[in-house]
Amino acid sequence: MKQKVLLFFPSYRSIEAAPPLALLALASVLERQGYNVDIIDSTVEPRFKERILEQLDDAVCLGISIVTGPMIDEAIQISQAVKALRPDFPIVLGGWHPSTLAAQTLKAPYVDVVVSGQGELALGEILGRLAAGQPLDGIAGCSFKRASGEIVHNPSRPTTFIQDLPPKSYHLVDLDVYAALSGRRWITYTSSHGCPYDCSFCSNASLYGRAWNALPAERVVSEVVDLVRKYRLDMVDIIDDNFLVDRQRGVDIARGFEASGEKFEWCIQTTANFVLRSSDDDVRLMQRSGLSRVFIGAESGSEEILRSVNKVRFQGTRVLHDVAEKLYRVGITCTFSVIFGLPGETEQDRRDTLKLLRDIKRQFPTTEFHSNIYTPYPGAPNFKHAIAMGLKEPESLEEWAAFYPNFQRLPWLDDATHQRIQRMREYIRIGFSHRAISRRSSAREFVIRVLGPAARLRLRNDQYGFPMELWLLKSLSQLKSALGLSARSHVVQS
């Protein structure tokens, strides 16, 4: 019986990539069942296609984890390559996108099985059946396609609490490769699942509902400190949806990190109201223990927009000012994200958002900002509203691969408005850029710092015509790309 499993993670196309947490979670369960797991992350493996294809004869299946957006393109490419070589080889898709669109995903001729929701236990059961040549009927959380083409949806799988799952299999990846890419030794880590809130643009509830469950503080401390020591980490990014739901647990984790004697940075994401619920002593303790950054979804500087996404009741604009001040006083970087292009957003709403950014940055200079254009995710509460407003829902996995509003215009934004928002976002990145995880310095970063005052002036005047600064950065990127291609060509010829 074959005991190897191939797990593929399509690239995010970022030098800030870390070992893929979703696949490390799957691997931890599969290893306990006796499988040998090979994790292939195309971000750090230029031969990812060859590495997968040359192992097909020895493997039970290929598992791929994807979210909505550009990752789908690479998932399609590798799936088609596998099927061209071995039409009978099982391909299993999981992650946020297949979980919410299982039936549509299974219509793709190169997809055999979809895991919906948490995949650790479901994939273990699926592999047992595949290895034994048995059908997949009855496996909770699994949809599959019979040889006849019939699509079968098994019952959903109840949520497994995070404390009932084993630690992630970090030993399966080479941290040195990721460190070489980003310039520092860091990982992502999850200490809790879920969030109690129901922000209308967020698809989390489609997986966890509004429930929140977490590892005990002592387990978090033990695992993180062990990882820091074993892999010589300088940063751990705890990517929980909302880390500070349990205030005392957060305090206990910080106290444990401090008591360990290990010196490392850690980051969290949470909501502003939970930070404000923490005392000044609590926050100072977190800073002493290494907490260097708190990510908070500010979303907008417009109370009306915050109300439209179900956020104003617990995180209005006044709260955003207060949390920026609280974190600034103790030396923790507050990083806000904002979303432009939400349904119903007006030009005045965007001006209110820019004013919020300017006011907070002026009072609390270490505060950082980054922005996104609204992406209507399947499974999010307001996805149907976006459809009603004219969004054309992709009808196949291939169409979803091209669905990325950062580059494509939302139907309620005309071309001029879309371009204006994109330029606004570029100038926010230049004028209020957040400190990258990567420690790689570059000429581009130096130019961005030089251009910062000009970008802030444009944002203050809300004027984005004749964008010389953006043209300069684009020319610099093109030059860097050309030099990179030339250097690689020289290496090949040598």
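Reader: Phe369 and Phe432, buried or exposed?

Author: Both Phe369 and Phe432 are buried. Buried means under 20% relative accessible area, exposed means over 50%, and partly exposed is in between, with a 1.4 Å probe and protein chains only. A caveat first: this is a predicted model, where local features need pLDDT of at least 70, side-chain atom pairs count only at pLDDT 80 or more, and totals for chains, interfaces and linings use all residues. Residues are numbered from 1 along each chain as its sequence is written, and side-chain values use heavy atoms, with hydrogens and water left out.

Reader: Why is the pair of Phe369 and Phe432 edge-to-face?

Author: The ring centres of Phe369 and Phe432 are 5.8 Å apart and the planes are at 80°, so the pair is edge-to-face. The pair links distant parts of the chain, 63 residues apart: Phe369 is in strand E15 (residues 368–373), and Phe432 is in the loop between helix H18 (415–431) and H19. For the criteria, rings of Phe, Tyr and Trp (its six-membered ring) pair if their centres lie within 6.5 Å; planes under 30 degrees apart count as stacked, over 60 as edge-to-face and the rest as tilted. The helices (H or I, at least four residues) and strands (E, at least two) are DSSP runs, numbered from the N terminus.

Reader: How many aromatic pairs in the whole structure?

Author: A search of the whole structure gives 14 aromatic pairs. One of them is Phe243 with Trp266, edge-to-face, at 5.9 Å centre to centre and 65° between the planes. Phe243 lies in the loop between strand E11 (235–238) and helix H10 (247–260), and Trp266 in strand E12 (residues 265–269), so this pair ties together parts that are 23 residues apart in sequence.

Reader: What's the relative accessibility of Phe243, and of Trp266?

Author: Phe243 has 0% relative accessibility and therefore counts as buried. Trp266 also counts as buried, because its relative accessibility is 0%.

Reader: Which residues form an aromatic cluster?

Author: Phe243, Phe257, Phe264 and Trp266 form one aromatic cluster.

Reader: Switching to strands. What is E11 joined to?

Author: Strand E8 (residues 186–189) runs parallel to E11, joined by four bridges, and Tyr189 stands opposite Ile238 in E11. E11 is also joined to E12 by three bridges, again parallel, with Met235 opposite Glu265 in E12. The chain crosses from E11 through H10 to E12 in a right-handed β-α-β crossover. Two strands pair if DSSP finds at least two bridges between them. Right-handed means that, with the strands pointing away from the viewer, the path from the first strand over the helix to the second runs clockwise.

Reader: Which residues sit on each side of E11?

Author: Met235 and Asp237 are on one side of E11, Val236 and Ile238 on the other, and all are buried, so both faces are covered. In a regular strand the side chains alternate between the two faces of the sheet.

Reader: And what covers E4, or rather, which of its residues are buried?

Author: In strand E4 (residues 91–94), Ile91 and Leu93 on one side and Val92 and Gly94 on the other are all buried. Strand E3 (residues 59–65) runs parallel to E4 with four bridges, and Ile64 has Leu93 as its bridge partner. Strand E5 (residues 113–115) is parallel to E4 too, through two bridges, and Leu93 stands opposite Val114 there. E3, helix H3 (residues 71–85) and E4 make a right-handed β-α-β unit.

Reader: Backbone next. Which residue has a positive phi near 70°?

Author: Glu299, a residue other than glycine, has phi near 70°. Glu299 is in strand E13 (residues 291–299), and counts as buried because its relative accessibility is 5%. Phe466, also not a glycine, has a positive phi near 45°.

Reader: Where is Phe466, and is it buried or exposed?

Author: Phe466 is in the loop between helix H19 (443–461) and helix H20 (468–493). Phe466 counts as exposed because its relative accessibility is 55%.

Reader: Which residues make the nonpolar surface patch with Phe466?

Author: Met468 and Trp471 make the patch together with Phe466, and the patch is about 360 Å².

Key:
Patches are made of residues with over 30% relative accessible area and no salt bridge: like charges are joined within 9 Å, nonpolar side chains (Val, Leu, Ile, Met, Phe, Trp, Tyr) within 5 Å. Accessible areas come from the Shrake-Rupley method with a 1.4 Å probe; for residues, only the protein chains shown count as cover. A salt bridge is a side-chain nitrogen of Lys or Arg within 4 Å of a carboxyl oxygen of Asp or Glu.
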